[in-house]
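I opened the model to look up a few things and wrote down what I found. The entries follow in the order in which I looked.

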Amino acid sequence: MERWALVSGLGGDLEVYEQIQRELKTKRGLDRLFVLGDLIGPKHNNDALLKRLQQPQRGDLPPECIYGWWEEQLLAERGYRGDRTAEALRINHGNDAVEALLASVDTGHMAWLASLQFGFIELDCALLHGSSADVGDELMPSSSPLILLDRLTRLDVNRLFTARSTQQFRLDLNGGAIDSHIKDLNGEHNQQQEVPKRSVIGIGSGEMFSLYAPGSDHIEFVKVGVKPVSRGLGFG
Amino acid sequence: MAHAVISCLHANLAAVEAVLADIDQQGINTITCLGDLVGYGPQPNEVVELMRQRAIPTCQGCWDEDIIDGLNACECSYPSQLAERRGHLAHQWTDAEMTAENKRFLASLPTSLRRDKLLFVHGSPNSQHEYLLPDMNAFAALERVETAGAETLFCGHTHQPYVRELRGGSIRVRVQHNDSSSSEEQDMTLPMRRIVNAGSVGEPRHGNTQATYVIHDEATNDLTIREVSYDVAKTCQAIIDAGLPEVFAWRLSHGFEYAERADDASHVCER
Ligand SMILES: [Zn+2]
Ligand SMILES: [Zn+2]
């Protein structure tokens, strides 16, 4: 049965990545490794990890990467996003943080980073860094269900995997409905729509990552070096 | 007090004059315009000048934005490729025709206007280019109004007028965290909200040639979609005289266009 590993927020930490790769070897039946953005970050020089992601070592589960919030800042500042610059980073952390980020990634990696996609659609799942609205969108259990449902609806997927909030959680929309009354020049009519059975899953960050089996809809939250708490719930 | 909301004038002076006369006749003094003053039609300067002269609060439409910013729009600006090609011709013509001062006026328009719990936008609160169609997913529609902090959202851009009330909504969720094996359930009751599409004064596409707009009675909260006849032939002739694509005249004289449906109404403009 197909099984995916979902990782994010490595922040340039090759050591954590190697720990995750070692941990993945102990798991059975893992087919794919998705790295949902924030490969790079402000705390480390990012070159070694970026090299490893582009040139996996023997025995590594090959990573499939998308860009995250930090890559977006870097790409914007390096002129890959039209007129935009790393405004969000500059406003929140000042110009020094922008300079530090620029210095932490060799420009030789830029073409590869610029080639990364916003997200993957696999089966009925969207694998994203933030959400379908924005790479910086922080979805978490306390987010308005209306917003979560909207983010699912925009891509018409049943499962949305997100990493931006750094939290590990599974939120299932499992009931409810809404009535619409529509009046136009042809008359009036009513519509009822039910809440679709859909889920938003926070995969965690850094050494906290997730394993997902799309066939059984089974999610497992993992922390490097810690025996995982199994999650058997789901819609199956 | 009643107020009128108009949208998508599209440089059709005869239609604008007829609608303003209809509003005046009913003694309504407050008018809000949801943009698209220009594009497709033959009198962009005249229509902009009339709106300025009447000092009607106006938000910026997709056409108004594109005339100032150039056509850097993402493909969602047009509902179909055919529409896009024709749109480009109309864009070039309008761009050449408009005075610098009138362009400056379009550039100065805000993307939204707010009066208490009423929000006025051209497309959606997210973008001048997003279509809020009447059959859009009800939860997504409610999210647009709710996230914008409004109770009633007035929009245009689709050229099809409607009033949609979203009510009696609820969403139940179950949350599991990584640190416990139990899960918690929550129920959220959704508020009642409305989306009102004002249709189009100058380029109706609801299957009828009459100009449309809406009247909102704030005392009773009633919403009425108005249809107003105007001299369609006069504007059609002006379109042809101006050398604009004849299909725009055809569309005005039919009130719809076969190809003019949004290919992907849920597309989110990332511009
Ligand atoms: Zn319009
Ligand atoms: Zn428009």
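Entry 1, a metal site. I looked up what holds the zinc ion (ligand 2) in this predicted model. The donors are B:Asp36 through OD, B:Cys62 through SG, B:His122 through NE2 and B:His157 through ND1. Their distances to the zinc ion (ligand 2) run from 2.1 to 2.4 Å. Along the sequence I noted the spacing of these donor residues as D-x25-C-x59-H-x34-H.

The angles among the four donor atoms of the zinc ion (ligand 2) go from 87 to 158 degrees. For comparison, I noted that four tetrahedral donors would ideally make angles of 109.5 degrees. I put the site down as irregular, because a tetrahedral label needs all angles between 85 and 135 degrees.

Which residue bridges the zinc ion (ligand 2) and the zinc ion (ligand 1)? I found that B:Asp36 does, and that the two ions lie 3.4 Å apart. B:His122 is in the loop between strand S4 (118-121) and H6 of chain B, while B:His157 is in the loop between S5 and S6 of chain B. They are 35 residues apart, and the pair links distant parts of the chain.

Are B:His122 and B:His157 buried or exposed? The limit for buried is under 20% relative accessible area. B:His122 has 1%, so I recorded B:His122 as buried. B:His157 has 3%, so B:His157 is buried as well.

I traced seven strands in an open sheet, in the order S9(A)-S8(A)-S6(B)-S9(B)-S5(B)-S4(B)-S3(B), with mixed pairing. Strand S9 (187-194) of chain A and strand S3 (112-115) of chain B are the edge strands, each pairing on one side only. From one strand to the next the twist averages 15 degrees. Within chain B, strands S6 (residues 162-167) and S9 (residues 193-197) run antiparallel and are joined by five bridges. I looked up B:Val163 and found B:Val196 in S9(B) as its bridge partner. Helix H6 (residues 138-147) of chain B packs on the sheet. This helix touches S8 and S9 of chain A as well as S5, S6 and S9 of chain B, and makes about 95 degrees with the direction of S9(B).

I found 39 residues of chain A in contact with 43 residues of chain B. The area buried between them is about 3,700 Å², and carbon and sulfur atoms give 54% of it. A:Leu146, A:Ile178 and A:Leu185 supply 19% of what chain A buries against chain B, more than any other three residues.

Note on methods
Residues are numbered from 1 along each chain as its sequence is written. Chains are lettered from A and ligands numbered from 1 in the order in which they are written. This is a predicted model: local features need pLDDT of at least 70, side-chain atom pairs count only at pLDDT 80 or more; totals for chains, interfaces and linings use all residues. Side-chain values use heavy atoms; hydrogens and water are left out. Two strands pair if DSSP finds at least two bridges between them. Helices (H or I, at least four residues) and strands (E, at least two) are DSSP runs, numbered from the N terminus. Axes are lines fitted to C-alpha atoms, for helices over the stretch in contact, and angles run from 0 to 180 degrees between N-to-C directions. Contact means heavy atoms within 4.5 Å. Donors are N, O and S atoms within 2.8 Å of the metal (3.2 Å for Na, K and Ca); water is not among the atoms, so sites may look incomplete. Four donors count as tetrahedral if all angles lie between 85 and 135 degrees; four count as square planar and six as octahedral if opposite donors are over 155 degrees apart and all others between 65 and 115; anything else is irregular. Buried means under 20% relative accessible area, exposed over 50%, partly exposed in between (1.4 Å probe, protein chains only). Buried area is the accessible area (1.4 Å probe) that two parts lose on being put together, summed over both.
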